[in-house]
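I opened this notebook page to keep track of what I looked up, in the order in which I looked.

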Amino acid sequence: MARPKFRNPFPTVDIIIEVMDGRKRRGVVLIERKNPPPGWALPGGFVDYGETLEAAAVREAREETSLDVVLGGQLGAYSDPARDPRFHTISTVFLARATGDPAGADDAMSAIVVDPRDRSLSLAFDHRKILDDYLAFRKGPIPCPNMMTATRRKTMTPISPSSRASSARSKRT
């Protein structure tokens, strides 16, 4: 019997690197992609087998920007099947801080520090949406869109094992 073939999304990370000048935020790092799809993007890439998301974020930041980052947490996960034109990816987006000047390396032709509100650059993937979410987050916590539906419900009735059994009996009659 043939084993079923599974098609799963690829796990990736993206990193919003805030470049600091003392206590002042200079901006965030964007890289110019060397490989298709072209354009500017947040640093990031694929999670290697056996690697944690956090380790992948630190590695990708170093490989593409030459910066050593300190992770500050996660902004969120982005899973729209159309977010990457090559294939379905799920990206965990990290917030990080670094000092110094980025330099493009590995699969980044160059790296720059920009104001995240700047809309003059063409961004690859869904990185404009990610930066918009980041800007909203900087103003105050934002709830996950999927959680909004759950919080709008007036009541949530827990289901106990005994109520499941009585529900199953009533369906049989």
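The entries below record each look-up in turn.

**Entry 1, confidence.** I noted at the start that this is a predicted model, and I looked up its confidence before anything else. The protein averages a pLDDT of 86, and 81% of the residues score at least 70. I then marked residues 146-173, where pLDDT stays under 50 and where the model has three contacts beyond four places in sequence.

I searched the whole structure for salt bridges and found 16. I went to glutamate 18, whose side chain meets that of arginine 25 in a salt bridge with an N to O distance of 3.3 Å. Glutamate 18 also forms a salt bridge with arginine 97, and there the closest N and O atoms are 2.8 Å apart. Because glutamate 18 lies in strand S1 and arginine 97 in strand S6 (residues 89-99), this pair ties together parts that are 79 residues apart in sequence. I checked accessibility as well: glutamate 18 counts as buried at 5% relative accessibility, whereas arginine 25 is partly exposed with a relative accessible area of 33%, and arginine 97 is partly exposed with 37%.

I next looked at arginine 59 and glutamate 60, which form a salt bridge with their closest N and O atoms 3.0 Å apart. Is arginine 59 buried or exposed? Arginine 59 has 19% relative accessibility and so counts as buried, the cut-off being under 20%. Glutamate 60, at 7% relative accessibility, counts as buried too.

I looked for a cis peptide bond and recorded the one from proline 36 to proline 37, with omega near -5°; proline 37 is found in the loop between S2 and strand S3 (40-41). Serine 66 has a phi of about 65°, sits in the loop between H1 and strand S5 (70-78), and is partly exposed with a relative accessible area of 32%. Phenylalanine 125 has a positive phi of about 55°, lies in the loop between strand S7 (108-114) and helix H2 (127-139), and counts as partly exposed at 23% relative accessibility.

How many cavities of 30 Å³ or more did I find? The count comes to one. The largest cavity holds about 50 Å³ of space, and its lining consists of Leu30, Val114, Asp115, Pro116, Asp118, Leu121, Leu123, Arg128 and Leu131. By class, I recorded six nonpolar, no polar and three charged residues in the lining of the largest cavity.

Note on methods. Residues are numbered from 1 along each chain as its sequence is written. This is a predicted model: local features need pLDDT of at least 70, side-chain atom pairs count only at pLDDT 80 or more; totals for chains, interfaces and linings use all residues. Side-chain values use heavy atoms; hydrogens and water are left out. On a 1 Å grid over the protein atoms alone, a cavity is a set of points where a 1.4 Å probe fits but cannot get out, and a pocket is an open set with protein on both sides within 12 Å along at least five of seven lines; lining residues have an atom within 4 Å of a point. Grid points are joined across faces, edges and corners, and a volume is the space filled by probe spheres set on the points. Ala, Val, Leu, Ile, Met, Phe, Trp, Tyr, Cys and Pro count as nonpolar, Asp, Glu, Lys and Arg as charged, and the others, Gly among them, as polar. pLDDT is the predictor's confidence in each residue, from 0 to 100. Contact means heavy atoms within 4.5 Å. A salt bridge is a side-chain nitrogen of Lys or Arg within 4 Å of a carboxyl oxygen of Asp or Glu. Buried means under 20% relative accessible area, exposed over 50%, partly exposed in between (1.4 Å probe, protein chains only). Helices (H or I, at least four residues) and strands (E, at least two) are DSSP runs, numbered from the N terminus.
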